[in-house]
Amino acid sequence: MTDFRRVLGLADDALIASHRLSEWSSQAHDLEEDIALSNIALDLLGQARLLLTLAGELEGAGRDEDALAYLRDEREFLNVQLVELPRGDFAVTVVRMLFFSAYQALLYETLSAQGGRLGEIAAKALKEVAYHLDHATQWVWRLGDGTEESRRRTQHAVDRLWPYTFELFETYGDLRERWIETVDPVLTRATVTRPADDENRFRPTGGRDGVHTEHLGYLLAEMQHLHRSHPGATW
C-alpha cells in the first residue's frame with residue numbers, strides 16, 4: 001500500500017466516523033450528550049482535514065481536502081466498513097466508538113513514534129482520542145451494567161459490530177492483541193460477553209480496496225450534496 005492510500009484510508013475513517021456521529025446532533029437523549037457527541041464529531045473532522053491535506057500532498061495531483069472529501073465516488077473511499085454502518089441506537093454508537101477509538105489510540109501512538117508529518121498529526125490527535133475512548137468506556141459500563149433492556153441493546157451492538165473489527169487490523173495486525181486487552185476489561189465490567197475470534201466467523205472486508213456496504217453511498221450522497229450542487233461556490 002502506497003503512503004498516499006495509507007494516509008487516505010485513515011482520513012476516510014475519521015471523515016466517515018465524524019459524519020455518522022454528526023447525525024446525533026439535536027437527537028441525543030439530553031443536551032450534555034448532544035454537545036459531547038457533536039464535539040467528538042468535530043474532533044474527528046479535524047483529524048480528517050489534516051490527513052486529507054497530507055494525502056493530497058502525497059498524491060501530487062493538485063487535489064486539496066475539499067476535492068478529496070466531496071469529489072470522490074464511493075469506490076474511491078478507503079475507509080473500513082465499521083465506520084460507515086448505520087447510526088443505530090445509542091448502544092451501537094457508544095460500542096462503535098469504543099472499538100474505533102481504542103484502535104485509533106493504539107494506531108496513533110504507533111504512528112506518533114515514527115515521526116514525520118503523519119506522526120505529528122497522530123500525536124496531536126492522541127489527546128482527543130483519549131477523551132473519545134474514555135467517553136465511550138463510561139457509557140458502555142453504564143449501559144451494559146444498567147437495566148435489562150440497556151444490557152440487551154449493548155450486547156446486541158457488540159455482537160453486531162465485532163465482525164467488522166477485524167478489518168481495522170489488516171494493515172496493522174500486530175495491534176489487535178493490544179486492542180483486545182483494551183476493550184476486553186471494558187466489556188467484562190459492563191457484564192457483556194465478548195464474541196470469540198472464531199477463524200470461521202464472518203469477517204467483512206474490502207473497505208481499504210474501495211469495497212463497501214450499501215450504506216456508504218447514501219451517506220456520501222448526503223455529505224457531498226451541497227458541494228456538488230454548487231461547485232466552486234464560496235461563502
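**Figure 1. Salt bridge between Asp 89 and Arg 153.** Asp 89 is partly exposed, with a relative accessible area of 25%. In this predicted model, Asp 89 forms a salt bridge with Arg 153, and the closest N and O atoms lie 2.9 Å apart. The pair links distant parts of the chain, since Asp 89 belongs to the loop between H3 and H4 and Arg 153 to helix H6 (residues 148-161), 64 residues apart. Arg 153 is likewise partly exposed, at 36% relative accessibility. Salt bridges that share partners join Asp 89, Glu 149, Arg 152 and Arg 153 into one network.

Figure 2. The side chains of Arg 72 and Asp 12 meet in a salt bridge with an N to O distance of 2.6 Å. This pair links distant parts of the chain: Arg 72 lies in the loop between helix H3 (65-70) and H4, and Asp 12 lies in helix H1, 60 residues apart. Arg 72 counts as buried at 1% relative accessibility, and Asp 12 counts as buried at 0%. The charged end of Arg 72 also sits over the ring of Phe 77, 4.0 Å from its centre.

**Figure 3. Salt bridge between Asp 3 and Arg 6 in helix H1.** The structure holds 15 salt bridges; one of them joins the side chains of Asp 3 and Arg 6 at 3.9 Å, N to O. The two residues are 3 apart in helix H1 and are therefore separated by about one helical turn. Asp 3 counts as partly exposed at 47% relative accessibility, and Arg 6 counts as partly exposed at 22%.

Figure 4. Glu 33 is found in helix H2 (residues 31-59). Glu 33 is buried yet has no salt bridge; the nearest side chain of opposite charge, Arg 142, is 6.3 Å away. Leaving aside neighbours within four places in sequence, Glu 33 is in contact with Ala 28, Phe 90, His 135 and Trp 139. The charged end of Arg 142 sits over the ring of Trp 139, 3.9 Å from its centre.

**Figure 5. Aromatic pairs.** The count comes to 8 aromatic pairs. The rings of Trp 24 and Phe 90 have centres 5.9 Å apart and planes at 85 degrees, so this pair is edge-to-face. Trp 24 lies in the loop between helix H1 (3-22) and H2, and Phe 90 in helix H4 (residues 90-114), so the pair ties together parts that are 66 residues apart in sequence. Both Trp 24 and Phe 90 are buried. Ring pairs also link Phe 99, Phe 100, Tyr 103, Trp 162, Phe 169 and Trp 179 into a cluster.

How values were computed
Residues numbered from 1 in each chain as written. Predicted model: local features only at pLDDT ≥ 70, side-chain atom pairs only at ≥ 80, totals over all residues. Heavy atoms only, no water. Helix = DSSP H or I, 4+ residues; strand = E, 2+ residues; numbered from the N terminus. Buried < 20%, exposed > 50% of the residue type's maximum accessible area, 1.4 Å probe, protein only. Lys, Arg positive; Asp, Glu negative; His and termini not counted. Salt bridge = Lys/Arg side-chain N within 4 Å of Asp/Glu carboxyl O. Contact = heavy atoms within 4.5 Å. Phe/Tyr/Trp six-rings, centres within 6.5 Å; stacked < 30°, edge-to-face > 60°. Lys NZ or Arg CZ within 6 Å of the ring centre and 35° of its normal.
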